[in-house]
Amino acid sequence: MKNKSLHNEKDCILIFENGQYFFGKGFGAFGTTIGEVCFNTSITGYQEILTDPSYKNQIITFTFPHIGIVGTNSEDYESDLIHSSGCIVNSVSTHSSNHRSEVLFHKWLKRNNKICISGIDTRTITRMIRSKGAVNALINYDEKKRFNKKKLLNDLLNFPKMDNSDLATEVSTKKVYKWEYAKKTYLNPTQIGEIKQNSFIAVIDFGVKHNILNLLHQTNYKIVVFPLTFDYLAILNKNPVGIFLSNGPGDPQATFNNHKIKLNTIFDTKIPVFGICLGHQILALAHGAKTVKMHHGHRGANHPVKNLHQKNVEITVQNHGYVVQKKSLSKKISVTHSSLFDGTVAGIKIKNKPFFSVQYHPEASPGPHDSRYLFKEFLESIKTCAKKK
(Lines give C-alpha, C1' and ligand atoms only; values in the text may rest on other atoms or scores of the structure.)
Protein backbone atom coordinates (compact mmCIF):
# COMPACT_ATOMS: atom_id res chain seq x y z
CA MET A 1 0.00 0.00 0.00
CA LYS A 2 2.88 2.39 0.68
CA ASN A 3 4.17 2.10 -2.87
CA LYS A 4 0.68 2.43 -4.30
CA SER A 5 0.30 5.82 -2.61
CA LEU A 6 2.79 7.31 -5.06
CA HIS A 7 0.57 6.50 -8.01
CA ASN A 8 -2.95 7.46 -6.91
CA GLU A 9 -4.90 10.61 -7.78
CA LYS A 10 -3.03 13.81 -8.48
CA ASP A 11 -2.35 15.88 -5.39
CA CYS A 12 0.39 18.32 -6.45
CA ILE A 13 0.47 21.40 -8.67
CA LEU A 14 3.23 22.96 -10.80
CA ILE A 15 2.69 26.63 -11.66
CA PHE A 16 4.69 28.83 -14.05
CA GLU A 17 5.03 32.62 -14.02
CA ASN A 18 2.62 33.04 -16.94
CA GLY A 19 -0.11 31.30 -14.91
CA GLN A 20 0.12 28.00 -16.77
CA TYR A 21 -0.19 25.05 -14.44
CA PHE A 22 -0.01 21.25 -14.40
CA PHE A 23 -1.36 18.76 -11.88
CA GLY A 24 0.71 15.73 -10.90
CA LYS A 25 1.53 13.39 -8.05
CA GLY A 26 3.65 14.79 -5.24
CA PHE A 27 6.44 12.90 -3.54
CA GLY A 28 9.01 13.78 -0.94
CA ALA A 29 7.90 16.34 1.66
CA PHE A 30 4.63 18.27 1.79
CA GLY A 31 4.85 22.02 1.24
CA THR A 32 5.76 24.62 -1.37
CA THR A 33 9.01 25.25 -3.20
CA ILE A 34 10.02 27.86 -5.78
CA GLY A 35 12.96 28.10 -8.15
CA GLU A 36 14.16 28.70 -11.68
CA VAL A 37 13.15 25.74 -13.84
CA CYS A 38 15.87 24.08 -15.92
CA PHE A 39 16.20 20.72 -17.62
CA ASN A 40 19.00 18.17 -17.38
CA THR A 41 19.49 15.55 -20.11
CA SER A 42 21.67 13.14 -18.11
CA ILE A 43 20.36 9.58 -17.91
CA THR A 44 22.27 8.76 -14.70
CA GLY A 45 23.32 10.52 -11.51
CA TYR A 46 20.17 12.14 -10.18
CA GLN A 47 21.56 12.02 -6.61
CA GLU A 48 24.77 13.76 -7.65
CA ILE A 49 22.81 16.34 -9.63
CA LEU A 50 20.39 17.19 -6.83
CA THR A 51 23.25 17.58 -4.32
CA ASP A 52 25.34 19.78 -6.64
CA PRO A 53 25.47 23.26 -4.99
CA SER A 54 25.33 24.86 -8.45
CA TYR A 55 21.60 23.99 -8.53
CA LYS A 56 20.65 26.19 -5.59
CA ASN A 57 17.29 27.93 -6.18
CA GLN A 58 16.62 25.77 -9.24
CA ILE A 59 13.94 23.17 -9.94
CA ILE A 60 15.34 20.40 -12.14
CA THR A 61 13.30 18.80 -14.90
CA PHE A 62 14.82 15.40 -15.61
CA THR A 63 14.36 14.52 -19.28
CA PHE A 64 15.11 10.83 -18.60
CA PRO A 65 11.63 9.39 -17.92
CA HIS A 66 12.38 7.07 -14.98
CA ILE A 67 14.01 8.55 -11.88
CA GLY A 68 14.75 6.68 -8.64
CA ILE A 69 15.72 3.36 -10.19
CA VAL A 70 19.02 2.95 -8.34
CA GLY A 71 17.85 4.47 -5.05
CA THR A 72 20.25 6.63 -3.06
CA ASN A 73 23.33 5.94 -0.97
CA SER A 74 25.80 7.61 1.36
CA GLU A 75 28.63 7.73 -1.21
CA ASP A 76 27.16 9.61 -4.17
CA TYR A 77 26.65 13.00 -2.52
CA GLU A 78 28.34 15.94 -4.26
CA SER A 79 27.84 18.08 -1.16
CA ASP A 80 26.44 17.60 2.33
CA LEU A 81 22.81 18.25 1.36
CA ILE A 82 20.31 18.68 -1.48
CA HIS A 83 20.71 22.18 -2.91
CA SER A 84 18.13 21.97 -5.70
CA SER A 85 14.77 23.51 -4.79
CA GLY A 86 12.95 20.44 -6.12
CA CYS A 87 12.49 18.32 -9.22
CA ILE A 88 10.01 17.47 -11.95
CA VAL A 89 9.91 13.90 -13.25
CA ASN A 90 7.78 11.83 -15.57
CA SER A 91 7.81 8.66 -13.49
CA VAL A 92 9.31 8.09 -10.03
CA SER A 93 10.41 4.58 -9.16
CA THR A 94 9.12 3.27 -5.82
CA HIS A 95 11.65 0.43 -5.80
CA SER A 96 15.41 0.48 -6.31
CA SER A 97 17.35 -1.99 -8.39
CA ASN A 98 20.97 -1.54 -7.38
CA HIS A 99 23.15 -3.28 -4.82
CA ARG A 100 24.46 0.10 -3.56
CA SER A 101 21.00 1.45 -2.74
CA GLU A 102 20.47 2.35 0.93
CA VAL A 103 17.40 4.60 0.89
CA LEU A 104 14.58 4.75 -1.67
CA PHE A 105 14.58 7.94 -3.70
CA HIS A 106 11.22 9.33 -2.52
CA LYS A 107 12.06 8.55 1.12
CA TRP A 108 15.44 10.26 0.72
CA LEU A 109 13.72 13.40 -0.54
CA LYS A 110 11.26 13.34 2.34
CA ARG A 111 14.10 12.98 4.89
CA ASN A 112 15.73 16.03 3.31
CA ASN A 113 12.48 18.03 3.28
CA LYS A 114 12.45 18.37 -0.51
CA ILE A 115 9.30 18.66 -2.63
CA CYS A 116 8.97 17.09 -6.07
CA ILE A 117 6.27 16.32 -8.59
CA SER A 118 5.81 13.29 -10.88
CA GLY A 119 3.32 12.29 -13.54
CA ILE A 120 4.32 15.31 -15.64
CA ASP A 121 5.01 15.24 -19.38
CA THR A 122 8.61 16.42 -19.03
CA ARG A 123 8.91 16.70 -22.83
CA THR A 124 6.33 19.50 -22.72
CA ILE A 125 8.22 21.30 -19.93
CA THR A 126 11.53 20.91 -21.78
CA ARG A 127 10.08 22.29 -25.01
CA MET A 128 8.60 25.19 -23.07
CA ILE A 129 11.99 26.09 -21.56
CA ARG A 130 13.75 25.76 -24.93
CA SER A 131 11.14 28.02 -26.51
CA LYS A 132 10.56 30.65 -23.82
CA GLY A 133 13.82 30.46 -21.87
CA ALA A 134 14.49 30.15 -18.16
CA VAL A 135 11.51 31.03 -15.93
CA ASN A 136 10.62 30.60 -12.29
CA ALA A 137 8.05 28.02 -11.22
CA LEU A 138 6.40 26.77 -8.04
CA ILE A 139 5.54 23.27 -6.81
CA ASN A 140 2.84 22.96 -4.15
CA TYR A 141 2.33 19.53 -2.57
CA ASP A 142 -0.61 19.92 -0.21
CA GLU A 143 -1.61 17.01 2.02
CA LYS A 144 -5.26 18.11 1.84
CA LYS A 145 -5.10 18.87 -1.91
CA ARG A 146 -6.23 22.49 -1.47
CA PHE A 147 -4.67 24.74 -4.12
CA ASN A 148 -5.12 28.50 -3.87
CA LYS A 149 -3.74 29.20 -7.34
CA LYS A 150 -4.05 32.98 -7.00
CA LYS A 151 -2.01 33.09 -3.79
CA LEU A 152 0.54 30.58 -5.09
CA LEU A 153 1.02 32.59 -8.29
CA ASN A 154 1.50 35.77 -6.24
CA ASP A 155 4.16 34.03 -4.12
CA LEU A 156 5.85 32.85 -7.29
CA LEU A 157 5.90 36.30 -8.90
CA ASN A 158 7.52 37.76 -5.76
CA PHE A 159 10.38 35.24 -5.82
CA PRO A 160 13.70 36.82 -6.91
CA LYS A 161 15.16 36.14 -10.35
CA MET A 162 18.57 34.54 -10.78
CA ASP A 163 20.06 37.77 -12.17
CA ASN A 164 21.88 39.80 -9.50
CA SER A 165 21.73 36.89 -7.03
CA ASP A 166 24.99 36.09 -5.24
CA LEU A 167 24.07 32.53 -4.28
CA ALA A 168 27.68 31.37 -4.12
CA THR A 169 28.21 33.24 -0.85
CA GLU A 170 25.18 31.42 0.59
CA VAL A 171 26.39 27.90 -0.26
CA SER A 172 30.10 28.44 0.45
CA THR A 173 31.50 26.69 3.51
CA LYS A 174 31.43 28.73 6.69
CA LYS A 175 34.58 27.09 8.08
CA VAL A 176 37.99 26.17 6.67
CA TYR A 177 38.45 22.44 6.20
CA LYS A 178 40.98 19.94 4.93
CA TRP A 179 39.83 17.35 2.38
CA GLU A 180 41.43 13.92 2.51
CA TYR A 181 40.21 10.50 1.40
CA ALA A 182 36.70 11.77 0.63
CA LYS A 183 36.44 13.26 4.11
CA LYS A 184 36.47 16.81 5.44
CA THR A 185 38.20 17.82 8.66
CA TYR A 186 37.38 21.30 9.97
CA LEU A 187 40.34 23.39 11.09
CA ASN A 188 40.37 25.79 14.01
CA PRO A 189 42.36 29.08 13.85
CA THR A 190 45.40 27.45 15.43
CA GLN A 191 45.39 24.60 12.91
CA ILE A 192 44.97 27.06 10.04
CA GLY A 193 48.02 28.93 11.31
CA GLU A 194 50.01 25.69 11.36
CA ILE A 195 49.47 24.94 7.67
CA LYS A 196 52.92 24.63 6.13
CA GLN A 197 53.89 26.95 3.31
CA ASN A 198 54.22 25.58 -0.23
CA SER A 199 52.41 22.38 0.76
CA PHE A 200 48.77 22.81 -0.22
CA ILE A 201 46.27 23.75 -2.93
CA ALA A 202 43.86 26.45 -1.76
CA VAL A 203 40.28 25.88 -2.91
CA ILE A 204 38.04 28.95 -2.97
CA ASP A 205 34.60 27.50 -2.34
CA PHE A 206 31.85 28.97 -4.51
CA GLY A 207 29.91 25.71 -4.11
CA VAL A 208 32.50 23.00 -4.73
CA LYS A 209 31.56 19.41 -5.63
CA HIS A 210 33.06 16.53 -3.69
CA ASN A 211 34.45 14.78 -6.74
CA ILE A 212 36.44 17.86 -7.69
CA LEU A 213 38.09 17.68 -4.27
CA ASN A 214 38.72 13.95 -4.74
CA LEU A 215 40.55 14.57 -8.01
CA LEU A 216 42.53 17.50 -6.59
CA HIS A 217 43.56 15.25 -3.70
CA GLN A 218 45.13 12.88 -6.22
CA THR A 219 47.78 15.54 -6.92
CA ASN A 220 49.30 14.45 -3.57
CA TYR A 221 49.16 17.99 -2.22
CA LYS A 222 47.09 18.87 0.83
CA ILE A 223 43.68 20.23 -0.17
CA VAL A 224 42.43 23.07 2.03
CA VAL A 225 39.00 24.58 1.31
CA PHE A 226 38.34 28.20 2.25
CA PRO A 227 35.09 30.16 2.57
CA LEU A 228 34.41 32.72 -0.12
CA THR A 229 34.42 35.34 2.64
CA PHE A 230 37.86 34.37 4.02
CA ASP A 231 40.83 36.77 4.16
CA TYR A 232 42.59 35.96 0.87
CA LEU A 233 45.76 37.76 1.89
CA ALA A 234 46.05 35.31 4.79
CA ILE A 235 45.81 32.49 2.24
CA LEU A 236 48.47 34.01 0.01
CA ASN A 237 50.79 34.55 2.98
CA LYS A 238 50.83 30.76 3.31
CA ASN A 239 52.15 30.46 -0.27
CA PRO A 240 49.78 27.81 -1.65
CA VAL A 241 51.23 25.90 -4.60
CA GLY A 242 48.02 26.45 -6.53
CA ILE A 243 44.59 28.06 -6.25
CA PHE A 244 41.40 26.41 -7.42
CA LEU A 245 38.22 28.39 -8.13
CA SER A 246 35.22 26.09 -7.82
CA ASN A 247 31.85 25.77 -9.46
CA GLY A 248 28.84 27.41 -7.83
CA PRO A 249 25.34 28.87 -8.28
CA GLY A 250 23.86 32.26 -9.09
CA ASP A 251 24.85 35.26 -11.18
CA PRO A 252 28.67 35.33 -11.56
CA GLN A 253 28.70 39.13 -11.94
CA ALA A 254 26.90 39.54 -8.59
CA THR A 255 29.38 37.25 -6.84
CA PHE A 256 32.35 38.97 -8.46
CA ASN A 257 31.05 42.43 -7.55
CA ASN A 258 30.67 41.41 -3.89
CA HIS A 259 34.19 39.97 -3.64
CA LYS A 260 36.07 41.85 -6.35
CA ILE A 261 38.78 43.43 -4.22
CA LYS A 262 39.67 40.16 -2.49
CA LEU A 263 39.57 38.12 -5.70
CA ASN A 264 41.89 40.53 -7.47
CA THR A 265 44.56 39.85 -4.83
CA ILE A 266 44.72 36.31 -6.21
CA PHE A 267 45.08 37.46 -9.79
CA ASP A 268 47.86 39.86 -8.90
CA THR A 269 50.06 36.84 -8.13
CA LYS A 270 51.65 34.24 -10.42
CA ILE A 271 50.44 31.26 -8.45
CA PRO A 272 48.80 28.70 -10.81
CA VAL A 273 45.02 29.11 -10.93
CA PHE A 274 42.48 26.60 -12.26
CA GLY A 275 38.77 27.41 -12.44
CA ILE A 276 35.68 25.37 -13.24
CA CYS A 277 32.23 26.72 -14.20
CA LEU A 278 31.57 29.73 -11.90
CA GLY A 279 35.31 29.79 -11.19
CA HIS A 280 35.86 30.06 -14.94
CA GLN A 281 33.44 32.99 -15.16
CA ILE A 282 35.09 34.72 -12.19
CA LEU A 283 38.50 34.39 -13.85
CA ALA A 284 37.13 35.94 -17.05
CA LEU A 285 35.39 38.79 -15.21
CA ALA A 286 38.60 39.62 -13.32
CA HIS A 287 40.37 40.06 -16.65
CA GLY A 288 37.91 42.42 -18.27
CA ALA A 289 35.33 40.08 -19.83
CA LYS A 290 31.58 40.07 -19.27
CA THR A 291 29.11 37.30 -18.52
CA VAL A 292 25.57 37.03 -19.88
CA LYS A 293 22.58 34.90 -18.97
CA MET A 294 21.84 32.20 -21.50
CA HIS A 295 18.40 31.59 -22.96
CA HIS A 296 18.03 28.21 -21.24
CA GLY A 297 21.56 27.10 -20.32
CA HIS A 298 23.58 23.92 -20.82
CA ARG A 299 22.86 21.01 -18.48
CA GLY A 300 23.65 17.41 -19.25
CA ALA A 301 26.36 14.79 -19.76
CA ASN A 302 26.62 14.75 -23.55
CA HIS A 303 27.90 18.20 -24.57
CA PRO A 304 30.60 18.22 -27.27
CA VAL A 305 33.42 20.72 -26.82
CA LYS A 306 36.28 21.37 -29.23
CA ASN A 307 39.77 21.65 -27.79
CA LEU A 308 41.15 24.41 -30.01
CA HIS A 309 44.77 23.58 -29.20
CA GLN A 310 44.68 19.80 -29.59
CA LYS A 311 42.09 19.98 -32.42
CA ASN A 312 40.03 17.19 -30.89
CA VAL A 313 36.51 16.88 -29.46
CA GLU A 314 35.68 16.14 -25.83
CA ILE A 315 32.28 14.95 -24.61
CA THR A 316 31.62 16.89 -21.44
CA VAL A 317 29.28 17.38 -18.51
CA GLN A 318 27.84 20.88 -18.30
CA ASN A 319 25.68 22.77 -15.85
CA HIS A 320 25.45 26.52 -16.29
CA GLY A 321 22.95 29.25 -17.06
CA TYR A 322 25.52 32.00 -17.63
CA VAL A 323 28.37 32.16 -20.11
CA VAL A 324 31.41 34.35 -20.80
CA GLN A 325 30.54 36.73 -23.60
CA LYS A 326 32.89 36.08 -26.49
CA LYS A 327 32.86 39.62 -27.89
CA SER A 328 33.84 41.04 -24.48
CA LEU A 329 37.14 39.12 -24.26
CA SER A 330 40.20 41.30 -23.85
CA LYS A 331 43.58 40.71 -25.47
CA LYS A 332 44.72 39.20 -22.17
CA ILE A 333 42.47 36.18 -22.74
CA SER A 334 42.81 33.39 -25.29
CA VAL A 335 39.99 30.90 -25.93
CA THR A 336 41.10 27.28 -25.51
CA HIS A 337 37.78 25.42 -25.82
CA SER A 338 34.52 26.07 -27.64
CA SER A 339 31.06 24.52 -27.44
CA LEU A 340 30.08 22.64 -30.59
CA PHE A 341 26.41 23.15 -29.76
CA ASP A 342 26.38 26.93 -30.00
CA GLY A 343 29.97 28.19 -30.27
CA THR A 344 30.02 29.67 -26.76
CA VAL A 345 33.28 30.02 -24.84
CA ALA A 346 34.04 26.76 -23.03
CA GLY A 347 37.61 27.38 -21.88
CA ILE A 348 40.13 30.21 -21.55
CA LYS A 349 43.73 30.89 -20.65
CA ILE A 350 45.20 34.14 -19.37
CA LYS A 351 48.21 35.13 -21.44
CA ASN A 352 51.54 35.40 -19.58
CA LYS A 353 49.99 33.98 -16.41
CA PRO A 354 49.55 30.35 -15.24
CA PHE A 355 45.76 30.82 -15.09
CA PHE A 356 43.25 28.71 -17.02
CA SER A 357 39.62 27.62 -16.68
CA VAL A 358 36.78 25.72 -18.33
CA GLN A 359 33.04 26.26 -18.38
CA TYR A 360 32.26 22.55 -18.11
CA HIS A 361 32.89 19.86 -15.47
CA PRO A 362 36.00 17.71 -16.06
CA GLU A 363 35.38 15.88 -12.75
CA ALA A 364 32.23 14.45 -14.45
CA SER A 365 30.32 12.92 -11.59
CA PRO A 366 28.50 11.31 -13.29
CA GLY A 367 29.54 11.45 -16.92
CA PRO A 368 32.41 10.97 -19.40
CA HIS A 369 36.06 11.29 -18.34
CA ASP A 370 37.35 12.91 -21.56
CA SER A 371 38.48 16.08 -19.77
CA ARG A 372 40.14 14.80 -16.61
CA TYR A 373 43.51 15.60 -18.17
CA LEU A 374 42.87 19.18 -17.03
CA PHE A 375 43.69 18.20 -13.45
CA LYS A 376 47.02 16.83 -14.71
CA GLU A 377 47.65 20.10 -16.55
CA PHE A 378 47.01 21.97 -13.31
CA LEU A 379 49.53 19.73 -11.54
CA GLU A 380 52.10 20.28 -14.30
CA SER A 381 51.58 24.04 -13.99
CA ILE A 382 52.19 23.79 -10.24
CA LYS A 383 55.40 21.80 -10.79
CA THR A 384 56.65 24.22 -13.45
CA CYS A 385 56.11 27.23 -11.21
CA ALA A 386 57.77 25.45 -8.28
CA LYS A 387 60.96 25.00 -10.35
CA LYS A 388 61.10 28.73 -11.04
CA LYS A 389 61.14 29.64 -7.34
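Tutor: The radius of gyration is taken over C-alpha atoms, and the globule rule is 2.2 Å times the number of residues to the power 0.38. This is a predicted model, where local features need pLDDT of at least 70, side-chain atom pairs count only at pLDDT 80 or more, and totals for chains, interfaces and linings use all residues. Residues are numbered from 1 along each chain as its sequence is written, and side-chain values use heavy atoms, with hydrogens and water left out.

Student: What radius of gyration does the chain have?

Tutor: The chain has 21 Å, which agrees with the value near 21 Å for a compact globule of 389 residues. Its C-alpha atoms fill a box of roughly 70 × 45 × 40 Å along the principal axes.

Student: How much of the chain counts as buried?

Tutor: Buried means under 20% relative accessible area, found with a 1.4 Å probe and protein chains only. Here 57% of the 389 residues qualify.

Student: Let's take one residue. Is His83 buried or exposed (over 50% relative accessible area)?

Tutor: His83 is buried, because its relative accessible area is 15%.

Student: Which residues does His83 touch?

Tutor: Contact means heavy atoms within 4.5 Å. Leaving out residues up to four places away in sequence, His83 touches Leu50, Thr51, Asp52, Pro53, Tyr55, Lys56, Asn57, Lys114 and Val171.

Student: And which side chain makes a polar contact with the side chain of His83?

Tutor: A polar contact is a pair of N or O atoms within 3.5 Å; within protein, one must be able to donate a hydrogen and the other to accept it, and residues adjacent in sequence count only if both atoms are side-chain atoms. For His83 the partner is the side chain of Ser79, at 3.3 Å.
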